[in-house]
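Thanks, everyone, for making the time this morning.

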Amino acid sequence: MFFSSKINKLLNLQITFLKLDINSTYADLIIPVPLPKLFTYGVPGNLISECEIGKRVIVQFGSKKIYTGVIKKIHNNKPAYETKDILSVIDNSPIINNIQLKFWDWIAEYYLCTLGEIYKAALPAGLKLESETNIMLNADADYSDISEKEELVIGLLTNEDFLTISKLEKETDFNVLPVLKKLIDKNIVTAEERIKKRYKPKFEEYIRLPEKMSNEKYLSEVLDKLKRAKKQSELLMNFIYLTKYGSENSGGIKPAKIFPKKNVLKFCETSPANLKALLEKGYLITEKKEVSRLISEKYEDTEIKNLNTFQLKSLTEIKEYFKEKDVVLLHGVTSSGKTEIYIKLIEEQLASGKQVLYLLPEIALTAQITTRLAKIFGNKLGIYHSKFSDNERVEVWRNIETGKFKIILGVRSSIFLPFDNLGLIIVDEEHENTYKQYNPAPRYHARDASVVLANLHKAKVLLGTATPSIESYYNVKIEKYALVELNQRYKDIKLPEIQIADTKEAKRKKQMKSLFAPEMLENIKQTLENKEQIILFQNRRGFSPFTECETCGYIPKCEHCDVSLTYHKFTGQLVCHYCGYSERASKICKACESPTMTTRGFGTQKIEDEIKVFFPEVKISRMDLDSTGSKKAYHKIIYDFENGNTDILIGTQMVSKGLDFDNVALVGIMNADNMLNFPDFRAFERSFQLMAQVSGRAGRKNKQGKVIIQTSDKKHPILKNVVENDYIAMFNSQLALRKQYKYPPFYRLIRLNVKHKDKNLTDAAAEKLATDLISIFGGRVLGPEYPIISRIKNRYIKTILIKIERKLSHKKAKELITASINLLRNKDKFKYVQINADVDPM
């Protein structure tokens with residue numbers, strides 16, 4: 001009886017524990033780390049009601065680190081390991097919606113990356129709380145046996161409660177981490193993880209009248225007290241006037257009860273000292289209000305332009321095709337007015353309560369198009385790109401969530417914004433390779449991903465370009481996409497006259513003057529005399545691609561990459577464009593010590609330098625990665641050129657992308673050869689696109705423009721296509737070659753990059769992986785081989801290319817590739833070898 005009673009108690013206890021297990025709640029989280037799994041955490045009872053899919057939570061990851069995770073799934077399935085609990089829930093409502101999570105799943109599967117990598121790329125840094133390590137001095141530490149470096153760190157900590165590791169790194173000129181480890185081992189300092197909140201709302205000081213100031217008797221008493229303080233009295237009366245009637249001075253301001261402090265100082269024409277005195281006396285009151293960081297420029301409202309006959313026809317066709325197709329390709333020649341068609345479609349989407357995403361390939365383009373769209377759609381328009389600060393990007397994110405922004409004009413990362421009711425995605429200049437993300441993962445293509453995103457929203461996609469990508473035009477041919485053509489330029493402007501300048505012949509006859517063929521210089525001179533503007537295009541930044549010793553042939557190379565250093569004249573530096581390494585340029589050769597170092601080739605900086613020799617009086621601007629480092633730099637360069645403050649604009653491919661200038665009469669392509677001879681199967685397609693696009697900047701509105709193309713191979717078939725503006729001939733010739741050599745659009749490509757600091761280990765890992773893949777895919781695997789640049793940032797690189805027929809299951813192929821990669825990684829020898837998958841490499 002005793003044993004029976006005890007057994008019953010044990011059974012009841014076991015049942016209770018089972019019930020507890022069954023009723024326990026767990027959450028699978030996406031953590032911003034590149035690991036291929038979700039992480040399960042326990043949900044404490046007091047947080048169950050707060051946890052929802054798409055909300056951010058704070059969790060401990062590993063032994064110390066604190067991260068923000070996103071809830072992907074909530075369930076009652078206890079994992080086989082001991083779970084940690086969620087520490088707290090950050091959000092009142094989900095910041096990632098279900099459509100976004102489905103989109104992330106597709107990107108992870110298609111582009112062979114992890115959800116953690118997508119999370120890191122998708123959310124602005126201000127929404128990702130991470131812990132930072134704080135270092136504190138121990139009160140009773142023994143300082144008897146410390147080094148000079150340890151003493152310096154202790155000195156920095158003496159007058160502080162704590163310092164972050166990043167702060168200590170800034171304050172010292174040595175690697176602080178080994179020093180901190182020794183101090184921790186000696187129990188002199190301790191390290192503690194604390195949450196670092198990245199997003200900080202911006203507050204502005206506002207001024208208002210106290211309530212009692214509405215009493216006339218009290219106001220009279222105040223003014224009586226201020227008789228001797230004439231300036232303060234004037235300020236108070238001016239402020240009261242401002243609240244009742246506003247002001248028409250300095251652009252005007254409407255009456256209100258409260259004003260920003262800066263406006264009070266401006267419109268009341270007073271000093272900060274007078275305002276401070278009234279605040280101290282309580283005659284005015286200050287309060288802080290949260291304000292937006294996003295610059296809200298005021299534009300005069302503009303009506304949408306009426307479309308011409310050709311534009312109307314195209315618009316009608318697009319809308320008809322949207323009834324049966326999800327994607328339409330608008331193939332319109334340069335300056336045909338595609339943007340006006342976009343605006344009409346946006347207007348219709350907004351009228352039906354839908355959101356619109358308008359994708360652009362370059363930040364530079366947002367400057368011009370922002371002005372055009374803002375004049376029509378006002379504060380419904382939001383801008384999103386990498387030049388925005390983290391805090392500004394958080395504000396854009398939140399303005400979409402709250403419904404303030406209905407249209408987003410942005411670059412490729414805009415596809416990750418929290419849309420919940422998309423009606424239309426416009427991908428302008430859809431052929432551009434800048435829609436492809438290279439590093440870090442996810443290595444997605446925004447054009448292709450936008451088609452999937454639109455499908456999830458049951459929305460439509462409009463691809464617009466004058467030079468379609470071969471893949472998109474092929475999708476038209478197989479009737480996957482619909483095609484609408486717009487072959488007439490706006491206001492019947494003629495396409496530019498294109499002339500080939502034979503640099504090979506000019507050099508033979510010794511007619512070249514520096515970088516310029518005689519035809520180029522003569523046309524530049526004539527254009528400047530006509531008070532017209534010029535664009536000179538060279539798809540290479542810097543002064544010179546490399547320098548070389550004329551005595552021994554030595555070429556300075558990067559210490560960390562297998563690439564020559566580019567000479568930048570304005571800084572006097574030789575710079576690596578891959579890792580940022582730089583060194584001072586010198587005339588003395590490091591190898592033979594001869595004073596015969598000279599520049600070879602030319603970039604945008606050298607063109608700028610040389611053009612000044614021939615035309616010293618002209619105003620010149622340069623638009624490349626070096627000259628557009630800040631958010632406002634693009635706007636200034638484009639504004640100055642638009643308004644005639646610049647005569648010649650020199651630039652890289654940035655100047656080729658959809659910019660619209662009224663007075664450009666001449667476009668000079670300085671070197672077609674470096675594009676045509678680039679070793680890539682897309683080189684001819686890209687050369688045609690770049691030259692056709694940059695040519696389209698000439699003769700935009702007033703008259704036919706002219707284009708001069710400098711080349712040493714004037715009979716090249718692609719140059720013939722460009723001169724004749726014959727896209728179809730280029731498409732057909734390239735399509736035949738692609739089919740013959742098994743390239744897209746007939747085959748899908750997956751490139752695997754194998755990287756490690758040890759060359760031999762890189763070789764061994766690449767050979768092993770390639771052998772495993774060949775056993776599965778046979779002749780579809782090419783490599784491994786070293787790419788053109790075989791070492792970047794001290795890591796050796798070997799590539800393996802896999803070609804997969806379109807008719808085969810790509811999902812199954814990717815599963816097999818992932819399994820092979822995991823098999824390699826499981827070997828201790830290759831544990832730290834980095835393997836990156838690039839699906840549909842560009």
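Let me begin with the lining of the largest cavity, which by class has five nonpolar, one polar and two charged residues, where Ala, Val, Leu, Ile, Met, Phe, Trp, Tyr, Cys and Pro count as nonpolar, Asp, Glu, Lys and Arg as charged, and the others, Gly among them, as polar. Before I go further, please keep in mind that this is a predicted model, in which local features need pLDDT of at least 70 and side-chain atom pairs count only at pLDDT 80 or more, while totals for chains, interfaces and linings use all residues. Residues are numbered from 1 along each chain as its sequence is written, and side-chain values use heavy atoms, with hydrogens and water left out.

A cavity here is a set of points, on a 1 Å grid over the protein atoms alone, where a 1.4 Å probe fits but cannot get out, and lining residues have an atom within 4 Å of a point. Grid points are joined across faces, edges and corners, and the volume is the space filled by probe spheres set on the points. By this rule there are two cavities of 30 Å³ or more.

The largest cavity holds about 40 Å³ of space, and the residues lining it are Tyr110, Arg748, Leu749, Ile750, Ile804, His810, Lys814 and Val839. Two elements, strand S30 (747–756) and helix H26, each give two or more residues to that lining, and S30 supplies the largest share, with three residues. When I speak of helices and strands, I mean DSSP runs numbered from the N terminus, helices being H or I with at least four residues and strands being E with at least two.

The second largest cavity has a volume of about 30 Å³, and around it we find Gln100, Phe103, Trp104, Ile415, Phe416, Leu417, Phe419 and Leu453. Helix H2 (residues 98–110) gives the most to this lining, with three residues, and by class the lining has seven nonpolar, one polar and no charged residues.

The axes of helix H25 (residues 759–777) and helix H26 (residues 810–825) come within 10 Å and cross at roughly 145 degrees; axes are lines fitted to C-alpha atoms, for helices over the stretch in contact, and angles run from 0 to 180 degrees between N-to-C directions. Contact, meaning heavy atoms within 4.5 Å, is made by residues including Leu769, Leu773 and Ile776 of H25 and Leu816, Ile817 and Leu824 of H26. By class, this contact has 11 nonpolar, one polar and two charged residues.

Which helix does H22 pack against at an angle of about 165 degrees? Helix H22 (residues 683–695) packs in that way with helix H24 (residues 727–740), their axes lying 10 Å apart. That angle makes H22 roughly antiparallel to H24, since angles under 35 degrees count as roughly parallel, over 145 as roughly antiparallel, 65 to 115 as roughly perpendicular and the rest as oblique. The contact is made by Phe684, Glu685 and Phe688 of H22 together with Tyr727, Met730, Gln734 and Arg738 of H24, and by class it has four nonpolar, one polar and two charged residues.

In a further pair, the axes of helix H11 (residues 309–321) and helix H12 (residues 338–351) come within 10 Å and cross at roughly 45 degrees, which makes H11 oblique to H12. Among the residues in contact are Leu315 and Lys319 of H11 and Ile341 and Glu348 of H12, and the class count is four nonpolar, two polar and four charged residues.

Finally, some backbone details. Most residues other than glycine have a negative phi, and most peptide bonds are trans. In this model, a cis peptide bond joins Asn439 and Pro440, with omega about -5 degrees, and another cis peptide bond joins Ala441 and Pro442, with omega about 5 degrees. Pro440 lies in the loop between strand S16 (422–428) and helix H15 (446–457), and Pro442 is also placed in the loop between S16 and H15.

As for positive phi, Asn187, a residue other than glycine, has a value near 65 degrees and lies in the loop between helix H6 (176–185) and strand S8 (189–196). Lys742 is not a glycine either and has a positive phi of about 60 degrees, and its place is in the loop between H24 and S30.

Key. 1 Å grid on protein atoms, 1.4 Å probe; cavity = no way out; pocket = protein on both sides within 12 Å on 5 of 7 lines; lining within 4 Å.
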